Each structure stands twice: as C-alpha cells, then as structure tokens.
Amino acid sequence: MGKVNRREFLKQPVICASSAGAILAQGLRKRPNIIWIMADDLGYADLGCYGQKTIQTPNIDRLAAEGMRFTNAYAGCTVCAPSRNVLMTGLHGGHTTVRSNPGGVGIRESDVTVAQVLKSAGYKTGCFGKWGLGDIGTAGVPWKHGFDQFFGYLHQIHAHFYYPPYLWDNDRKFPLAGNRDGKRATYSHDIIASRSLDFIRTHKEGRFFLYVPFTIPHMEYLVPPDSVDQYRSKLPEVAPIPPGHYAAQPYPRAAYAGMVTRMDRDVGKIMALLKELDLDKNTVVFFTSDNGPIFPQGQTDFFKSAGPLRGHKQQMYEGGIRVPMIARWPGRIRSETVSDLPWYFADLLPTAAELAGVKPPPGLDGMSVVPTLLGAKVAGHRQTKHEFMYWELPPYDNKTGGFRAGAPMQAVRMGDWKAVRPKADAPLELYNLKQDPGETTDVAARNPKIRERIEEYLKTARVEPPLQPEPKSEWHF
C-alpha cells in the first residue's frame, strides 16, 4: 500500500485537487469546518430518526431533519479499534495496520490520518473522547498523527469506565480527583463534551477539524442519576448487571437509554454553540457510530437497537457494521433528504480532503462523497460508487500479537449483493440486500457467478496484517 509514499506525501506542498477546485468555483469561498461525532456501540436503530420508539434523541433527530440521513452507511469494522483505523486512514480493513481489538495496539508511525491531511491544509485539529489506536508510549498516539489537541482515553479498556481516576490531556495524565478510591464525582463523558466545546470556542476564527468519539453507550452502563431517573418509571427492568469488571447497575435499561439521551443533549450543545458563534453555515457536521450494538443481558434486544438488521457487534452481518450516518451543512446539504448511497468509514479521509481543497494521499480505498452531500453534479464531478466494500476481523493471538493463517471473518458488499464469511475459514454466505435486508436467506447456491466474482475479488482484497503485540498497560483484564 505504499506506506512510506503516503507519509512522504505530507512533506509536499498543499495541492488543490481538481474536484475540490470545481466545488470552490461553485461558490464555496471558504473551506468549511468539519466535525465528526461518533458514538460507541450505538445501534442502527437507537435513534428516533432511524425508528427508535423508546429512547429520546431530539437533537440528533433535528440534525437529520436539517440535513441528510443515510440508510446504507457502514462502519470500518464490527469492533472498535479496526473500525477507527479505517476511519482515520481511508484504508479498508484488509489494508489497515490495526486488525485486532485488545485495547492498546497502535497504528504505525508511517500511517497517515485525516487529521494530518487537514493539518496540512491549515486546519486546527482536536480529538476528544476515545482514541483506541495507540496507548501512551506507542507510535500510535493522536498527537503524533496530526491532532493538535487530544483529551480523553487512549487505551480502549480504560474507556470502558465512566468514573476513571484520570484521563489523558495529550501526553499528560489529567487527574479526576473526585473519582479516586471508587468515588463518582466526575462523569468522564461530561468533561469530554465540555472540552470539545472549548475547542470550538478557541478556534472559532480559523478552520478546524473536530473529532468527537464519545464513549457512550459502550458498557459499563453507568450514568448520573438525573439521566437514569428520566427512564426508570418508563421501562420494565431486567436483573441488575453483575459488577464483574464494571460497576453494578441496578437499572441497566434506564441507564442505557439515559446514556444515549445524555449524549444527544451534548450533540445539541455543540449545534447550539455553532449557531451562537455564527459558525453554523460554514461547518459540516457528521454523526455516526463506530459499529453495531452489543447485546449484554438482553439490553439492546429490548430496544431493538439493530432494527430490522441481523446480527450485532462482533459479527459481519448488517447489524454489526451498518450504522446511522447523518450529515448537516446549512445552505449546502439539502435538509430532510435521505440517501441510499452505500459508503463507509474509509470514505471520510477523501471526503474531508475534498472539502478542504487538498489532494488526498495515494493508495486509498475510500472515495469522496462530496457530490452526494451537495446534491449536484458539480462541473462534471459525479458521485462514484464502490465496486466492492470490504471488512474483516482475523483471529488474534494475544500472546504473540499475530494472527491465525487462513481466511478471516469477512464481509463484502457488491452493489445489492452482500457476502459474509461468518467465522474464520467458513464458506461464504450470499444475500441480496435489496430483496432481503435482514439477511434471512443464503442464496449462494443459487447464484454461483456472483459468488465466484466475489471470491475472485477476495484473492486480492487484503494483505496480511503486521504483528500487533499489545503494549503493557494497567488497563488489562
């Protein structure tokens, strides 16, 4: 994939891409701010605008009403770290560095992120929340990959806890004194949301890229009482979740719903601040989730978090990788629109590069979705479509940091066709998503030519991942 060449790309002068130049010629005089807000383990149907009936998400629903809602958008993987690697680098899961999910494995020094590309275009860059692509002391930390400011969690297991003793402020520990010795004074989500607002205020006069990977609603299911109380009287409860590594939660359904609504509140605060600072019309805001929902204790079964889709996190069926995706840009993205364009996290980097008016690095797997966002054929710049979209999750060996040989768990989307290898070395299943969005009927035997075409693609879809030894950390179970 030419990693060195991609890194060397950053040393070149900023070059305006031809397509970006065409868009600028259509009246885009000022490059927009870009905000990417991402939930953690939020299901496709956990939002009102995607059919949720119980959990209240008025601010995100308003975001969708004022912009574009996508029905065929996908995460980069079915688990956290590989999905975020795809998002940051524009490479699909067969070409990324991080293909495992133990907690602290980092991307390589040579990996180029969307933050580095936008920084080369003069953007200030900030990340607030869960990074998951390199623990402290590794080459994968965000301040080594283009982020001017980082605040939150580096290690994914650290991010499982909402009342930790500290967070990271770039490379310095930021103590949360009220959380020592098991006390619960500072809810991490709240301070992360507050810091993201501070970033907007600080950089209101220039261009900025704000990446807000919230930890909600990932377990542990724990939220301040005001958010639990909002739902306690409305929901029939299940047995409390045993504490295990997490804090016990006697009202897990109310906690889950309260967490999502609390996040929605903070999305509303971001949108209100943009209007207050007169940044609203020059800021593109995306909202999505890093993968599909997880189903502990029947929790998300109750909310039907995956909606009509089959499967959940850690599976390659639609429920594991299809995610809500909303984009809003007043005056540019037409309000109350719905798009069925299939796209995924690998597309963020080329999309952001085009919006910023710079050329993306070579060798990407992603495409720009700017033509769809703007809803127009700009100077002949039409929306391309993926011939294939690819996902994988190979079996990881915690002891060696290596991967088992053979075909990994995989998925491929080709038009309306979806191939799934549900576990390593299993035969491919085939589904027609237009006719069968719930992936109920495997039609591989009836469509040998389609299956053969996808199998031929799979021969060249991936390279073997590098060794990924997990660094030593206090956040190991």
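A residue counts as buried when its relative accessible area is under 20%. Keep that cut-off in mind for this tour of a predicted model.

**Stop 1: Threonine 261**

Select threonine 261 in helix α8, which spans residues 252–276. Is threonine 261 buried or exposed? Its relative accessible area is 10%, so threonine 261 is buried. Now show its surroundings. Leaving aside residues up to four places away in sequence, threonine 261 touches Ile55, Gln56, Gln230 and Tyr231. Zoom in on glutamine 56. Its backbone oxygen lies 2.8 Å from a polar atom of the threonine 261 side chain.

**Stop 2: Colour by confidence**

Colour the chain by pLDDT. The average is 92, and 91% of the residues score at least 70. Find strand β1, residues 33–39: among the elements of the chain, β1 has the highest mean pLDDT, 99. Then find helix α2, residues 18–25, which has the lowest mean, 46. Where pLDDT is low, the predicted coordinates should not be read in detail.

**Stop 3: Strand β4 and its partners**

Select strand β4, residues 124–130. How many of the 7 residues of β4 are buried? The count is 6, so β4 is mostly covered. β4 and β8 run parallel and are joined by 4 bridges. Look for cysteine 127, which stands opposite tyrosine 211 in β8.

Keep Tyr211 on screen. Ring pairs link Tyr211 with Trp131, Phe147 and Phe209 into a cluster.

**Stop 4**

Which way do β5 and β6 pair, parallel or antiparallel? They pair in the antiparallel sense, over 2 bridges. Phenylalanine 151 stands opposite aspartate 169 in β6.

Now look at the side chains of β6. In a regular strand the side chains alternate between the two faces of the sheet. In β6, Tyr166 and Trp168 are on one side, and Leu167 and Asp169 are on the other. All four are buried, which leaves both faces of β6 covered.

**Stop 5**

Most residues other than glycine have a negative phi, and most peptide bonds are trans. Asparagine 170 has a relative accessible area of 17%, so it is buried.

Jump to glutamate 439, in the loop between β16 and α13. Glutamate 439 is not a glycine either, yet its phi is positive, at about 50 degrees. Its relative accessibility is 1%, so glutamate 439 counts as buried.

Now go to the loop between β8 and α7, where proline 217 lies. The peptide bond from isoleucine 216 to proline 217 is cis, with omega near 0 degrees. Glutamate 220 is found in the loop between β8 and α7 too. The bond from methionine 219 to glutamate 220 is cis, with omega near 25 degrees.

**Stop 6: Aromatic rings**

Show the aromatic side chains. The model holds 25 aromatic pairs. A pair of aromatic rings is described by the distance of the centres and the angle of the planes.

**Stop 7: Arginines over rings**

Two selections remain. First, show arginine 195 with phenylalanine 174. Arginine 195 lies over the face of the phenylalanine 174 ring, at 5.2 Å from the ring centre. Then show arginine 322 with tyrosine 44. Arginine 322 lies over the face of tyrosine 44, at 5.8 Å from the ring centre.

Key:
Residues are numbered from 1 along each chain as its sequence is written. This is a predicted model: local features need pLDDT of at least 70, side-chain atom pairs count only at pLDDT 80 or more; totals for chains, interfaces and linings use all residues. Side-chain values use heavy atoms; hydrogens and water are left out. Rings of Phe, Tyr and Trp (its six-membered ring) pair if their centres lie within 6.5 Å; planes under 30 degrees apart count as stacked, over 60 as edge-to-face and the rest as tilted. A charge sits over a ring if NZ of Lys or CZ of Arg is within 6 Å of the ring centre and within 35 degrees of the ring normal. pLDDT is the predictor's confidence in each residue, from 0 to 100. Buried means under 20% relative accessible area, exposed over 50%, partly exposed in between (1.4 Å probe, protein chains only). Two strands pair if DSSP finds at least two bridges between them. A polar contact is a pair of N or O atoms within 3.5 Å; within protein, one must be able to donate a hydrogen and the other to accept it, and residues adjacent in sequence count only if both atoms are side-chain atoms. Contact means heavy atoms within 4.5 Å.
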